[in-house]
Structure formats: structure tokens, C-alpha cells
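Colleague: I am new to this structure and would like to go through it with you in short questions. Please show it to me.

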Amino acid sequence: MFRKDNILWPDGQSPSDAHCDEDKRLSILAAHGTKGLVDDPELQEVVDLVARICDAPIAMVTMVEKEQQSFLSRTGLEARDTPRSNSFCAHAMLGGDPMVIHDTLEDRRFADNPLVAGPPHIRFYAGHPLISTEGAPLGALCIIDTVPRDHGLSPLQREALSVLAKSVMRRISQQRLSESAQRALDVRESYLQRMIDSVPGIAWSADEDGNFDHVNAQWEELTGLPKPRVAADWRTAIHPEDWQATSGEFLASLHSGEPFEYEWRLKLADGGYRWMLSRAVRAAVGPDRKRWFGTVIDVDRQHRLSDTRDLLANELSHRIKNIFAVVSGLVAIRSRGKPEVAEFAAELNQVIRDLNTAHNYVRPDHGPTANTLSGLLADLLAPYGTPGEERFSISGPGIAIGPRAATPLALIFHELATNSAKYGALSCPEGTVTVAVEDDCSDTGNICVTWRENARSCGLPGESDREGFGSRLLRMAVEGQLGGTFERTYSEDGLDVRIGFPRSAVDS
């Protein structure tokens, strides 16, 4: 097993028998990626130095492969490889110490070797084994002379050969680490690519200027178009009615760096369109570099369901307003010619008109509504007033509210008013309601509304132990839609409700 903590095989120790098996040895050799070290500058410096120290005309770093020996670096020799059958290094790599052949003609293993009889006419050879960390013989660092050397190598030369062989092995092991890390990176990138391509939506990345360098496979599967490279390439895939607004929003995000979010219709390969939700964020990927990462998710079903709900809501709202009109008409018809009920009929019609005004807040974009919180409260409480009597009062600043906030606010105070009319202060003649609006209450920057019912003389029931649907509706609207708080307290005097919510909840 490859040991990253110790990349060198022990000095003087022969290769491991377990890794001298040829298949295992070749597998380990391949794992080192030595093909990437051919003519490596660092290895070339080693062979040049060992040739000078050993006063040898030829020096090489040799890797012994299945059929041949290849030279990763060499000096004094033109050939890049020779047949393995002629290899001296194939013998040298099997030992623990350098193999030194003083005179090849006197060694029966090599006397008839073609490299002795012919070029490069080897007469002296010294090779230090190159052994992997797990003990597999890979090759040798060797020097060659064309004349025999009775004295072999001096102690200094022998030491230099050993030290430089270790340097070679470190370089080869570093290459192996690099190859291993690259393979692991390739595997992770492959997994990541497959994961990104399998997500049920379009995923992309782009540089800071909006040049797209990656778009996953879903783009081509959905659109049948080539992957876009710049923002303008998206135009073919976006509904013509949506293109100008969508591209404008995206370019504005590119300029400001703010997140992008927009809904638009994507043209499919079959010519149809589907609503998509497109999001993108800019992220730092280095000290001075930023990139955009985005997704395009199919929201067609939700969009169409929303359209259907809006259609039903509009239809229901229309029918309710028709009911108000019918009831008002019936009151007018039944009271016609009856002066004794004319005053009552007029009051009743005014209440119906007030209820119709309050109903506008359920669909704030379908009728005239107040644009302040106090105005909304006045409209909602108007139906419960009694001519000549102050049944309720509203105090506080005129805080502006946006159309999106109008609906949850209307639901909250309509529910409170309805409950008061059924069970609370507005259900008895003596009961009163006071509403106080506070801006920036409790130094939190929030808006607070206190709803206080004075029903001491009404003899009303106290707090129920069970939270009903109306209470759950109130809590859901306050906490869920406005992100606020809701507190309700019963006392002998009646009911106190305190509602708080951030200003940002009513601005839009």
C-alpha cells in the first residue's frame, strides 16, 4: 500500500517479494505517472551531476516496463529506450544496494549483451535501484562507461549515486502524489458534473461580467439549443414578452452585484413555454475574483395554480360584491314608500357600503383602499359604528402601507372586529374599542398596534381554554405573513391585544 507519510524505501533493503510479481509491479509503475517525467528538468540535473561526479560519459534514469526500458532523463545517449531483454537496470533494480559491473566482458550475464557488443559499447555499469515506497522495483539511476573500471566507484562516488537516487525517487513519488491527487480531483469533478447535470433544473456559472462558462445538460435537454456563452444568447429561449424586463433585471444585477431573481417563460424544444424562476448570486472565489452562480427552476405548475387561485378569488370577490349590491337593492326596494323605516334603511345601506369598502382590502388591487394603517382601521371599523355614538377610536401616526401588506392587515383587524361584534365590546351598547398605533415602539424599529376592548359592563365570557380557528388565523397572519408578534390578554375590563411587526413588513 502507498504510504504518503514515508515516500522512500529503506536503504540497503531489497524490494518486497510481494511486489515483485510482474503484474503488481507494472500496476504500481503505472500509478506513478512516470510518462509525465520524460525530460523532466529536475531529473536532468540529477543525471548531469551524477555523470560529472562519477566521471562517466553516460548517465540515465531508467524505468523498466513490460517490453522495454525507458529513459526519463539521460546524458551522453541519443536513444530514449531499449528492449528490456538487453536491460542492465532490470537486474540492478532487484537488489538493495548499487549493482556495479567492473567489466561487462567478464560477467557472463552481460558478455553477449547487444549493448556491450554494439553501441553504446558498455564496459562499465553502476546502477542504484529505484524502489517504490511499498517495495516495488521500478528501475535504476545508472552510469555507464565505455572502458572497464577495475576500481569501480570511489566511496564519494558511491555515496553520491545513493544520495542522488533518493532525490530521483522523491521526484517520482511527488509525481505519483500529483497523479493521485489529480485522479481524485477528476473523480470528484465527474461526480459533481453528474450531480449538476441530474438536478431538475438549469444550473450555470459565469464570470463577473456575465460570460457563461458552464451550463448543465438540462439546458440542452429542455431547449434543444446550444449552451449560451453570453447573456444575449438566452434571448432565443425566453418568451419575447419577457425578454426585455428579464435581461434588464439581470444586467442591473451584474452592475450592482445584488442577487438576481425573476420569473419568465422558457421556450421548450417542442415550441411550448413554461414559467421558470431564475435566481443568481455573486460569490467571491478568491481575494480579487468574483463569480456568478445561478439556477433556473420550473415553477410552471405553481404559477398556473396561482393564476387559478387568483381567478377563483376574483370570481368570489366579484360575487360577494354582487351580494352586497343585491342586499342593498333589496333594502331599497322593501323600504320604498315606507317613510317609517327610511332612516333605518339608510343606516343599513351605509353599513353595507362600509362592508363593501372593507372587503376591498381582501383584494387590494381590485378597489379603492386607504394607503395608511389608520385609514385601513377606519374603513374596517366603519360598519360597526353607531350614529351619534363613539363606539371606537383610532390614534397614532399615519403609517404608510403597501398593497402586499394590506391583505394580512385587513384579515387581522377584520377578524378582531368580527369577534368583537359577536362576543366582545361591540356586541353590547356600552362596549367600546380603542386602537393605538405606535411607530418605532420599544426602540426596536417595529410598529405596534394595541387593540383594547372595554366591555366591563357587558358581562362577557372570559378567555376560552381552546384556541379556535379565528385565533389561529390571527396568529398565522401576524407571525407567518408579517413576521411579527401577537399577544392577547383578558381582564375584568375586557380584552387587550398587542401586535408588533417590522416596518419592512408593511412597506411592500
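Colleague: Is Arg-80 buried, partly exposed or exposed, and at what relative accessibility?

Modeller: This is a predicted model, where local features need pLDDT of at least 70 and side-chain atom pairs count only at pLDDT 80 or more, while totals for chains, interfaces and linings use all residues. Residues are numbered from 1 along each chain as its sequence is written, and side-chain values use heavy atoms, with hydrogens and water left out. Buried means under 20% relative accessible area, exposed over 50%, and partly exposed in between (1.4 Å probe, protein chains only). Arg-80 therefore counts as partly exposed, at a relative accessibility of 39%.

Colleague: Which residue meets Arg-80 in a salt bridge?

Modeller: A salt bridge is a side-chain nitrogen of Lys or Arg within 4 Å of a carboxyl oxygen of Asp or Glu. The N to O distance for this pair is 3.0 Å. It links distant parts of the chain, 41 residues apart: Arg-80 is in the loop between strand E2 (68-75) and E3, and its partner is in the loop between H1 and H2. Helices (H or I, at least four residues) and strands (E, at least two) are DSSP runs, numbered from the N terminus. The partner of Arg-80 is Asp-39.

Colleague: How many salt bridges are there by this rule?

Modeller: The rule is applied to side-chain nitrogens of Lys or Arg and carboxyl oxygens of Asp or Glu. One of the pairs is Asp-39 with Arg-80. The count comes to 22 salt bridges.

Colleague: How far apart in sequence are the parts that Glu-22 and Arg-84 tie together?

Modeller: Glu-22 forms a salt bridge with Arg-84, with the closest N and O atoms 2.5 Å apart. Glu-22 lies in helix H1 (residues 22-31) and Arg-84 in the loop between strand E3 (81-83) and helix H3 (89-92), so the parts tied together are 62 residues apart in sequence.

Colleague: Are Arg-265 and Asp-242 buried or exposed?

Modeller: Their side chains meet in a salt bridge at 2.9 Å, N to O. Arg-265 lies in strand E9 (residues 260-267) and Asp-242 in helix H7 (residues 240-256), so the pair ties together parts that are 23 residues apart in sequence. Both Arg-265 and Asp-242 are buried.

Colleague: Why do the buried residues of H2 lie on the same side, and what arc do they cover?

Modeller: The buried residues in H2 are Leu-43, Val-46, Val-47, Val-50 and Ala-51. They lie on the same side of H2 because the arc they cover around the axis is only 125°. An α-helix has 3.6 residues a turn, so residues three or four places apart point the same way. The arc is that of the directions from the helix axis to the C-beta atoms, and its value is 125°.

Colleague: Which exposed residues are on the face of H2 turned away from its buried side?

Modeller: Helix H2 covers residues 41-53. The face turned away from the buried side carries the exposed residues Pro-41, Glu-45 and Arg-52.

Colleague: Which peptide bond is cis, with omega near 10°?

Modeller: Pro-120 lies in the loop between helix H4 (114-117) and strand E5 (124-131). His-121 is found in that loop too, and has a positive phi of about 60° although it is not a glycine. The cis bond runs from Pro-119 to Pro-120.

Colleague: How many disulfides are there?

Modeller: A disulfide is a pair of cysteine sulfur atoms within 2.5 Å. Cys-20 counts as partly exposed at 28% relative accessibility, and Cys-54 counts as buried at 0%. By this rule the count of disulfides is zero.

Terms used. The expected span of a helix is 1.5 Å times one less than its number of residues.
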